[in-house]
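Visitor: Could you walk me through this one, please?
Guide: Gladly; have a look at it first.

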Amino acid sequence: MLELAGVSKRLGNEDHIRDVSLQLERGSMNVLLGPTLSGKTSLMRLMAGLDRPTHGDILLDGVSVLGVPVQKRRVAMVYQQFINYPTLTIYENIASPLRVARVPRTDIDRKVRHAADLLRLTEYLDKRPAELSGGQQQRTAIARALVKESQLVLLDEPLANLDYKLREELRQELPRIFAELGAILVYASTEPSEALLLGGNTATLHQGRVTQFGRTIDVFQRPVDLVTARIFSDPPLNTAPVCKRGAELQLERFVIPLSGSQAALPDASYTLGLRPWHLSLQGSSGCSVEGQVTVTEITGSETYSHLQVAGHPWVSLTHGIRQPEVDTLQSLYFLPENMYLFDEAERLVLAPDLPTEPAWPE
Amino acid sequence: MKPWNNKAWLFVLPVLVLVAFSAIIPLMTVVNYSVQDSFGNNEFYWVGLEWFQEVLASERFHNSLMRNLLFSGIILLIEIPLGIAVALAMPRRGWGVSVCLVLMALPLLIPWNVVGTIWQVFARVDIGLLGHTLAAMGVDYNYTQDTLDAWITLIVMDVWHWTSLVVLLCYSGLVSIPDAYYQAARIDGASRWAVFRYIQLPKMRRVLVIAVLLRFMDSFMIYTEPFVVTGGGPGNATTFLSIDLVQMAIGQFDLGPAAAMSLVYFLIILVISWVFYTVMTQQDNESVTDGRAGGGQ
C-alpha cells in the first residue's frame with residue numbers, strides 16, 4: 001500500500017501540492033482527475049520519488065520511502081510523449097530496464113517476449129521506434145513499464161497524444177495488461193469519461209489539493225462539493241444560484257416545486273446543479289426553465305444545445321439530432337429528483353438518489 | 001523547347017547568372033591557367049596536364065598536404081570531443097544559459113586575421129603575456145624557432161577560436177531533448193553513460209555531421225591565422241597548402257602550377273568532405289535497414 005500523509009510541495013512561492021493524503025491499495029487502479037496544471041504530474045513526481053515533498057511523508061507498506069532514491073523504488077512511469085530509446089530496437093527498448101537491473105539473459109528474453117505478446121508488439125521487435133506508429137510507440141513504452149515488475153506504475157496521460165480509435169482500444173487493454181502485476185496503478189487524466197471507463201478509484205485534483213478520493217462511481221455520483229462536481233463533469237455541470245422557500249426553489253423567475261427530502265431542507269440560498277443529459281428539449285413531465293439558444297453542436301448520435309438560462313451558460317445533451325433555432329427561447333425540461341444542491345459553502349447537501357441515476361451515456 | 005519550360009528558365013536564369021559570375025567563370029579561368037604556360041606579355045602556350053603531373057609529383061606539395069591532413073586530424077580529435085563535453089556541461093535553463101552562449105559566441109565574432117594577431121602577440125616571448133610567462137617559468141618556448149612550439153600555438157589558437165562552434169551546434173541538439181527523457185532514464189536507473197550513449201548522442205548526431213564537416217573544411221583551408229602568426233615557419237614547418245599556394249601564385253608568379261595545385265586542393269576537400277558525409281550518414285541508414293533485416297538482439 002502506498003500512503004501519502006499530509007504531503008505538500010512548494011517551489012519558490014508557488015504551492016504545487018497542498019496537504020494531500022491518499023491511500024492507494026495494491027492491485028488497484030487509481031485515477032488522478034483534474035484539469036491541466038491542477039497538480040497531477042507534480043503529485044506523480046512525488047509518488048515516484050523524483051521530487052521530495054516539502055512537508056509530509058510517503059510510506060510504502062508502512063515504511064517511509066523518502067530517503068530511497070528513485071532508481072531503487074521499483075517504480076515505472078509512462079508519459080504523454082512516447083519516450084523510447086531512438087537507436088535501440090523495440091526488443092532492446094523493452095529489455096532496457098532489465099539490463100540495468102542485471103537480470104539473467106534467459107529471463108530477459110522470456111519477459112520481453114511475454115510483454116511484447118501482451119501489447120501485440122511481437123512482429124515489431126526488430127524495428128526501431130521511429131518506424132512504428134504512435135500507438136505502437138506508446139505500447140513499447142508501456143511494455144517497458146510492464147517488464148520492470150514495479151510496485152508502482154504511474155501513467156501520466158498516456159493516451160492523450162493518440163488518436164481517438166487507438167485511445168479507446170488501449171484504454172480497454174490497460175487494466176487487463178497490468179492486472180497480473182498486482183501493482184498500484186496511478187493514471188492521470190483530464191477527462192471525466194476516461195476516469196469512468198477505467199473504473200477503480202478516483203482522486204479529483206483542484207489547484208494542488210485532492211478534493212475527494214473514493215470509488216470512481218461514488219465520486220461521480222456524489223461529489224462532496226461543487227468544485228469536484230465541476231471537475232467530474234464533461235460537458236460541464238449546469239449551475240445557477242437558487243433560493244429555497246418552503247416547498248419550492250426559485251431560479252430567478254422560474255419556480256421549481258420540491259417534494260420529500262428536498263422540501264425538508266432548511267430555507268436558504270443554494271447552488272443548483274444539473275447534468276447536461278438530465279435536461280430535455282421536449283417536455284412531458286417534471287418542471288422546466290427557459291433559455292436563449294446560442295449554439296447547437298451535433299455529433300451524429302447526440303445534440304449539444306448551448307443556452308443562456310437566467311444569464312448562466314447551460315448545456316443540454318440529448319439523443320438524436322435536434323436543431324433549435326439560434327436566438328429563440330427554448331424550454332428545458334428536467335425531473336426535480338435529478339437535481340444536485342450545494343450550500344453556500346459549496347458543499348453537497350443533496351444528490352439524486354443512486355438507483356434513479358441512469359447509466360453514463362456512451 | 002516545350003512552352004512550359006520557358007517560364008522555368010525565367011526563374012532559374014537570375015541564379016544561373018549569379019553563380020556563373022561568382023563561381024563558374026572564376027573556376028574556368030583557373031582551369032584555363034592550369035593547362036597553359038605563360039612567359040608574360042599575355043602570351044600563352046598549351047601544356048596539357050604537365051602542371052598537374054609536376055604538382056602531384058613534387059615533394060613540396062606532398063609535405064604541405066601531409067601537414068594539412070595532420071593539422072585537420074588533430075583539430076577534429078580535440079575540438080569535437082571537447083565541444084561535446086562543454087555542451088554537456090552547459091546549463092539548460094536559468095540566467096547561466098545566456099551568459100554561456102554569449103561567452104561561447106565571442107571568439108566566433110572576431111575576424112580571422114585579428115585572431116592571428118592576438119595570438120601572435122600573446123605568445124611572443126619578449127612582450128606576450130603567455131610567451132613571457134612561460135619563459136619566466138623556465139619553459140623553453142619559442143614559436144618562431146621551434147617547430148613543435150609553432151604547431152602547439154596554432155592548434156591551441158584554433159581550438160580557442162573554433163571549439164565554440166562545435167559547442168553551440170551540440171548544445172542546440174541537446175536542448176531539443178524533452179525533460180521527460182531524462183526523467184524516464186532516471187526512473188529506469190540508467191547510468192550517466194547510458195543517458196549519453198542512448199539519448200544524448202543520437203539526438204546530437206545530425207548536428208555533429210555538420211560540425212565535423214565545417215571544422216574539417218575550415219581547418220583544411222586554414223590560411224589567415226598561420227600566415228599572421230608563423231608566416232609558414234619556422235622553415236616550412238607550418239606551410240600549409242593554402243600558404244604554399246599563395247607563395248607559388250603571388251610570390252613566384254608561377255600561375256600555371258598554382259592553378260593546377262588549387263584545382264587539386266579543391267578536389268581533395270570535395271572528396272574528403274564527401275567521404276565524411278557518406279560515412280556519418282550511412283550509420284543512420286544502416287541502423288534503419290538493420291532493423292528491417294532482423295536479428296533483434
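**Strands and domains**

Guide: Strand 4 of chain A and strand 5 (residues 63–64) of chain A pair in the antiparallel sense, over two bridges; pairing here asks for at least two DSSP bridges between two strands, and strands are DSSP runs of E of at least two residues, as helices are runs of H or I of at least four, numbered from the N terminus. This is a predicted model, in which local features need pLDDT of at least 70, side-chain atom pairs count only at pLDDT 80 or more, and totals for chains, interfaces and linings use all residues. Residues are numbered from 1 along each chain as its sequence is written, while chains are lettered from A and ligands numbered from 1 in the order in which they are written.

Visitor: What is the bridge partner of Leu59(A) in strand 5 of chain A?
Guide: That partner is Ser64(A), and in the hairpin of these two strands, with two residues between them, Asp61(A) takes a positive phi near 50 degrees.

Visitor: Which strand does strand 1 of chain A join by five bridges?
Guide: Strand 1 (residues 2–11) joins strand 4 (residues 55–60) of chain A, running antiparallel, and Leu2(A) has Leu60(A) as its bridge partner there.

Visitor: New topic: where are the domains of chain A?
Guide: Domain 1 covers 2–229 and domain 2 covers 236–352 of chain A, with bounds from an automatic or database domain assignment.

Visitor: And how many residues does each give to the contact?
Guide: Domain 1 of chain A gives eight residues and domain 2 of chain A gives nine, where contact means C-beta atoms, placed from the backbone, within 7 Å.

Technical notes:
Two residues are in contact if their C-beta atoms, placed from the backbone, lie within 7 Å.
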